[in-house]
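I opened my notebook for this one and jotted things down as I went. Here is what I looked up.

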Amino acid sequence: MRYLIISLFIVANLFALQENQIKSYMDENINLVVNILQKGKENNISKEVLSQKIFKIFDPVFNYKLMARLSLGGKVWRTLTQKQKDEFTKKFTKRLKASYRSKLDMYNGQKITVEGIQKVKKNRIHLLSEIKGKKQKYNIVYKFYKAKNNQWFIYDVSVLGVSIIQTYRSQFSDELKKMSFDELLKKLDKQV
Amino acid sequence: MRIFILIFFTIANLYATLPNTQIVKNQQIQTLDDFEGEFEISDKNHAKEIDPLYGYNKIMTNINDKFYIHILNPVAKTYKAVLPKPIRTGIDNFLDNLMFPMRLLNNLLQFKFKNSYLETQRFLLNSTIGIAGFIDVANDNFHIKQHSEDFGQTLGYYGVGSGFYVVLPLLGPSNLRDSVGIVADSIMNPMTYMENRGYNLFNNSTEALGVSVEKTINYNSLHVGEYEKLKKDAIDLYPFLKNIYEQRRKKEISE
């Protein structure tokens, strides 16, 4: 009986990604994703189904709430009501996922590999990966930060040196010069 | 005991089915100032760069966008339908191979000797076994990737700042430094036409223009739909393209 409980505890704790597991965890899961994409391509599976499967794998390590907040910037964030924050986070997450989903059909059998990890600061780790196309290599960097209890989460992804959060940040700051926050929320809705 | 296990199962299940929301809610976002610093540095750079051509740039961004969507893209699609892919890839390889002097010079100017060597190897292999550059044997058979460098990157390497943002007609996002780079590179490029230059491939500027139009259409026929995909991510096209261009160039120069 006791063993059962102990093993249950261990299973529940698997969700907490530790520093020394980042590389193997990502390696394993990127492989899973490549398999999903490969099978999806062979069997003509819809992007919706594929993306559902992929998000299920990666959702536990992405901190979408933090990503939403960072893309808006602390200055703006602090002026928002809780309701606005929640709504923004929801719409931003939806948008991020829609953007990812729309690109899935560009997958054409490329190899995706984990190239290594880089500890940039004591609480930041960059996981370097590469999509190997026929002619070129594309770098993708997953940026992790250390949260409470030594758990690590992704807060930004950069593709070919372009940080996704930074791109949103410059757009949101530009938009908020022209419109109110609630108008921005509406705009987010319109385009997804 | 049994009840305890039952409760545990329920909790564990909740945890498993709602991993994201659950974890995110549980974790405290504490080191936020830390993050702000990380992105604010880039923001400051962003804000520092004044945009004196904002009015013009914005209009040119729209013109380029319309040109791309309504003219270049349909033409490239038709072209794609007419010419089989191996031929289009061949033409792309051929024209790309001719840009070798520009890549070599800029690699050398940045003291990238290994890459200069690899570029030279690529040029020799592709020009001979690759039948005048039509087949990229260097990549396909010898796994030697291209190491492209342009004069804008060379200037950046020597510490020249990007200057203000400029959207060029047809060519798209650029900045003061990279626009100078484009002019310098076109002098190196045998496919442009310049009087009194010893290495013109063409007899006059009309021919040279024709080839550069062909090059653009051919290139885009191999990348149909990519711009539209990227554009879909934009909330506002102008800051979106501007920011991507700036980040991308910064990365290319640092490499």
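In what order do the five strands of the open sheet in chain A run? I note first that I am working with a predicted model. I read the order as β1-β2-β3-β4-β5, with antiparallel pairing. β1 (111-121) and β5 (162-163) of chain A each have a single partner strand, so one side of each has no neighbour in the sheet.

Next I looked at how β5(A) is held. I found two bridges joining it to strand β4 (residues 152-159) of chain A, and the two run antiparallel. Val162(A) in β5(A) is the bridge partner of Val159(A).

Then I stepped back to chain A as a whole. Along the sequence I read α-α-α-α-α-α-β-β-β-β-β-α-α. The C-alpha trace spans about 55 × 50 × 35 Å along its principal axes. Of the 192 residues in chain A, 25% are buried.

On to the nonpolar cores. Which residues touch the most other members of the largest one? I got Phe144(A) and Phe153(A), in a core of 31 residues. Elements supplying at least two residues each include β2 (124-132), β3 (137-146) and α7 (164-178) of chain A, and also α3 (32-48) of chain B. α4(A) gives the most, with six residues.

I also listed contacts of Phe144(A), leaving out residues up to four places away in sequence; among them are Ile22(A), Leu127(A), Trp152(A) and Phe153(A). Finally, I noted a second, separate core of five residues, including Met99(B), Phe100(B), Met102(B) and Leu104(B).

Definitions and conventions
Residues numbered from 1 in each chain as written. Chains lettered and ligands numbered in written order. Predicted model: local features only at pLDDT ≥ 70, side-chain atom pairs only at ≥ 80, totals over all residues. Pairing = 2+ DSSP bridges. Helix = DSSP H or I, 4+ residues; strand = E, 2+ residues; numbered from the N terminus. Core = buried A, V, L, I, M, F, W, Y, C linked by C-beta atoms within 7 Å. Buried ≥ 20, exposed ≤ 12 C-beta atoms within 10 Å, placed from the backbone. Contact = placed C-beta atoms within 7 Å.
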